[in-house]
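User: I would like to learn how to read sheets, aromatic pairs and a single residue's surroundings in a structural model. Please take me through them one by one.

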Amino acid sequence: MIVAGSYEGGLHGWENNSLAFSFVAHTGCVRSVAINKKLLISGGDDEVIKIFNLKSRKQVGEAERQQGTITALAFCHSHALSGAGDGSICVWRDWECVHILGGHKAAVSCVAPHPSGRMALSTGDDRTLRLWDLVSGRSAFITRTRGTPRLCALCDDGSKYLVVAGRKVDVKDTVEGSTESIDHDAVVLHALFLDLHLEHLGVGGGAARA
């Protein structure tokens with residue numbers, strides 16, 4: 001299933017190349033969505049996380065704890081993570097906030113759970129990359145990024161992670177400690193790992209490279 005949020009607050013889902021649902025979920029622009037096998041969650045400018053059952057396509061709850069736009073969402077095993085414009089990250093279990101991770105001095109741009117479910121990466125407009133211990137609810141590592149990062153991601157075994165900022169993708173090998181930088185002619189909008197290999201797409205300024 002592919003899910004997209006709109007500027008008008010709508011959520012739209014496609015399955016097998018056909019539109020499966022389309023409805024208004026938020027009173028402002030949708031900024032982030034995440035899905036697992038059972039749930040769809042969304043957040044945006046109205047500062048509320050909406051929770052929907054994917055099978056029934058009905059809202060089953062909502063969560064509200066952070067100040068500012070909900071800018072990032074991710075499922076992490078039995079938990080969910082949400083980043084917001086106030087720089088905080090909430091760790092949710094059964095939609096009760098069990099930890100508030102504070103540290104970013106500006107809006108959180110992305111949260112990326114580690115495959116183990118015990119850690120997560122985050123990036124923010126404060127130009128930092130942070131590693132969090134989700135068990136203790138504390139920061140485990142902080143580093144500055146080159147430029148303002150748009151997103152971060154981990155490969156399937158957690159041995160590599162990437163950070164996207166502007167036209168650059170930095171790929172860090174956590175085992176060897178090496179970093180590979182990939183430069184594009186255009187702004188990179190999204191990047192992801194396929195297995196242990198990186199697939200990336202850059203679009204902007206009328207130029208694209210894949």
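This is a predicted model: local features need pLDDT of at least 70, side-chain atom pairs count only at pLDDT 80 or more; totals for chains, interfaces and linings use all residues.

User: What is the order of strands in the open sheet of 3 strands?

Analyst: Strands (E, at least two residues) are DSSP runs, numbered from the N terminus, and two strands pair if DSSP finds at least two bridges between them. In this open sheet the order is E1-E2-E3, with antiparallel pairing. Strand E1 (2–5) and strand E3 (18–24) are at the edges; each has a single partner strand, so one side of each lacks a neighbour in the sheet. From one strand to the next, the twist averages 15°; axes for such angles are lines fitted to C-alpha atoms, and angles run from 0 to 180 degrees between N-to-C directions. Between E1 and strand E2 (residues 10–15) there are 4 bridges in the antiparallel sense, and Val3 stands opposite Gly13 in E2.

User: Which strands are the edge strands of the open sheet of 4 strands?

Analyst: The order here is E4-E5-E6-E7, again with antiparallel pairing. Strand E4 (30–35) and strand E7 (58–63) are the edge strands, each pairing on one side only. The twist averages 25° from one strand to the next. E4 is joined to strand E5 (residues 39–44) by 5 bridges, and the two run antiparallel. Val33 has Ser42 in E5 as its bridge partner.

User: How is a pair of aromatic rings described?

Analyst: The description uses the distance of the centres and the angle of the planes. Rings of Phe, Tyr and Trp (its six-membered ring) pair if their centres lie within 6.5 Å; planes under 30 degrees apart count as stacked, over 60 as edge-to-face and the rest as tilted. The count by this rule is 3 aromatic pairs. One of them joins Phe21 and Phe23, a tilted pair with 5.6 Å centre to centre and 35° between the planes. The rings of Phe23 and Phe52 have centres 5.1 Å apart and planes at 55°, so this pair is tilted. Phe23 in strand E3 and Phe52 in strand E6 (residues 49–53) are 29 residues apart, and their pair links distant parts of the chain. Phe21, Phe23 and Phe52 form one aromatic cluster.

User: Is Phe23 buried, partly exposed or exposed?

Analyst: Buried means under 20% relative accessible area, exposed over 50%, and partly exposed in between (1.4 Å probe, protein chains only). Phe23 counts as partly exposed because its relative accessibility is 23%. Phe21, at 7%, counts as buried, and so does Phe52, at 5%.

User: Where is His104 found, and what does its side chain contact?

Analyst: His104 lies in the loop between strand E11 (96–101) and strand E12 (108–113). This residue counts as buried because its relative accessibility is 5%. A polar contact is a pair of N or O atoms within 3.5 Å; within protein, one must be able to donate a hydrogen and the other to accept it, and residues adjacent in sequence count only if both atoms are side-chain atoms. The His104 side chain makes such contacts with the side chain of Asp126 (3.2 Å) and with that of Thr128 (3.2 Å). Leaving aside residues up to four places away in sequence, His104 touches (heavy atoms within 4.5 Å) several residues, including Asp86, Ile89, Arg130 and Trp132.

Notes: Residues are numbered from 1 along each chain as its sequence is written. Side-chain values use heavy atoms; hydrogens and water are left out.
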